[in-house]
Amino acid sequence: MDEDRGAVAAPGRVSATSWAEVVRLRTLPAALAPVVLGAGAAVLLDSFSAPRTVLAAGVALALQIGSNLANDYSDGVRGTDDHRVGPPRLTASGLVPPATVRNAALGCFGAAGVLGLVLVALSGQWWLLGVGAAAVAAAWFYTGGSHPYGYAGFGEVFVFVFFGLVAAAGTLYVQAGSVPGWLWAAACGIGLIACALLMVNNLRDIATDPAHGKRTLAVRLGERRSRGTFTLMAGAPVPLAALALTWAAQDSGAGPLPVPGLLGGAAGLVLLGLLAGRAIAPVLRGATGADLIGVLRDVGLYELAYGAVMALGLVALGAR
């Protein structure tokens, strides 16, 4: 909040808590969710590789952290974060020089590139280098450059594609060499939850973003329709999970799932429904500003649980 800005303006005295807020530790488990999903799918397809899964997780985390730092830098130098709701940002608050934040972001992107190069070399799928380059470019130009697409309302497209489809399908592809249809359905669920995370973040700042020329999807839709869109984004992944698990069970051709497996799958879907409802309820009640920070945490937990439930369900199918 703004009351912290005068107390911590010296660039050389930055607490670990300040960096943790910029890195947004609460959202990092969500970055792992699509990797967990892809790893579970690899187990079902008898192609699981622990080293490749760890490398994919490293790429996802480095891209997430780099994207958060890049957003802090770009929004800070534009003045967008001068009156934001929520924890202070390093660049806008004067905690560190803008160049330091920018270089930290570029360092994370570089780490993602190195890990991705090793992963591509192991898999032999060299064309994936282009996908990785596109992911880094999308992370930077979300709020960076002269025409950031995040300021035009296209941020949800980025997170759906790269933190949903690409992360989940890519994790499986570098291990199995193919991606079945049911994995794409599950990846759409992951991508929608990632979109919900961004939507609630932008809904929190809907009153201040337009003054800085930031017309996010939430700003374009307006508050009422944004809340409805968030509800759809958070709710749709549950039936998508049921579809993906049913499709995978039929595709595996191993016969019907035993009763314990069916009960376990049902319990997992119920859990996801409860987590989705917990995230949706405050938004439908009209929570605003700082009251939406808890929703960010809940959506991140929901996304991680989604990846874990789906992975466990796929592993159970493979164990039949």
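## Helix packing and nonpolar cores

Helix 8 (residues 181-204) packs against helix 11 (residues 237-252) with their axes 8 Å apart and at an angle of about 165 degrees. The model described here is predicted. Angles over 145 degrees count as roughly antiparallel, and helix 8 and helix 11 are therefore roughly antiparallel to each other. Their crossing is left-handed. On the side of helix 8, the contact is made by Gly181, Trp182, Ala185, Ala186, Cys188, Gly189, Leu192 and Ile193. Helix 11 contributes Pro237, Leu240, Leu243, Ala244, Trp247, Ala248 and Asp251. By class, this contact of helix 8 with helix 11 has 12 nonpolar, 2 polar and 1 charged residues.

Another helix pair is formed by helix 6 (residues 128-141) and helix 7 (residues 155-176), whose axes come within 11 Å and cross at roughly 155 degrees. Helix 6 and helix 7 are therefore also roughly antiparallel to each other, and their crossing is left-handed. Here Leu128, Val131, Ala134, Ala135, Ala138 and Ala139 of helix 6 meet Phe158, Phe162, Val166, Tyr173 and Val174 of helix 7. This contact of helix 6 with helix 7 has 11 nonpolar residues, with no polar and no charged ones.

The table sets out the geometry of the two pairs.

| Helix pair | Angle between axes | Distance between axes |
|---|---|---|
| Helix 8 and helix 11 | about 165 degrees | 8 Å apart |
| Helix 6 and helix 7 | roughly 155 degrees | within 11 Å |

In soluble globular proteins, nonpolar side chains tend to be buried together. The largest nonpolar core in this model has 74 residues, of which Phe230 and Leu314 touch the most other members. Helix 8 supplies the largest share of this core, 15 residues. Leaving aside residues up to four places away in sequence, Phe230 touches Ala196, Met199, Val200, Ala279, Ile280, Val283, Val295 and Val299. A second, separate core of 9 residues includes Leu55, Ala57, Val120 and Leu128.

Is Ala241 buried or exposed? Ala241 has a relative accessible area of 0% and is therefore buried, the cut-off being under 20%. Residues up to four places away in sequence not counted, Ala241 touches Leu269, Leu272, Tyr306 and Met310. Ala241 and Ala187 are 54 residues apart in sequence, and their C-alpha atoms are 9.1 Å apart in space.

Definitions and conventions. Residues are numbered from 1 along each chain as its sequence is written. This is a predicted model: local features need pLDDT of at least 70, side-chain atom pairs count only at pLDDT 80 or more; totals for chains, interfaces and linings use all residues. Side-chain values use heavy atoms; hydrogens and water are left out. Axes are lines fitted to C-alpha atoms, for helices over the stretch in contact, and angles run from 0 to 180 degrees between N-to-C directions. Helices (H or I, at least four residues) and strands (E, at least two) are DSSP runs, numbered from the N terminus. Angles under 35 degrees count as roughly parallel, over 145 as roughly antiparallel, 65 to 115 as roughly perpendicular and the rest as oblique. A crossing is left-handed if the near helix is turned anticlockwise from the far one by less than a right angle, and right-handed if clockwise. Contact means heavy atoms within 4.5 Å. Ala, Val, Leu, Ile, Met, Phe, Trp, Tyr, Cys and Pro count as nonpolar, Asp, Glu, Lys and Arg as charged, and the others, Gly among them, as polar. A nonpolar core is a set of buried Ala, Val, Leu, Ile, Met, Phe, Trp, Tyr and Cys residues joined through side-chain atoms within 4.5 Å. Buried means under 20% relative accessible area, exposed over 50%, partly exposed in between (1.4 Å probe, protein chains only).
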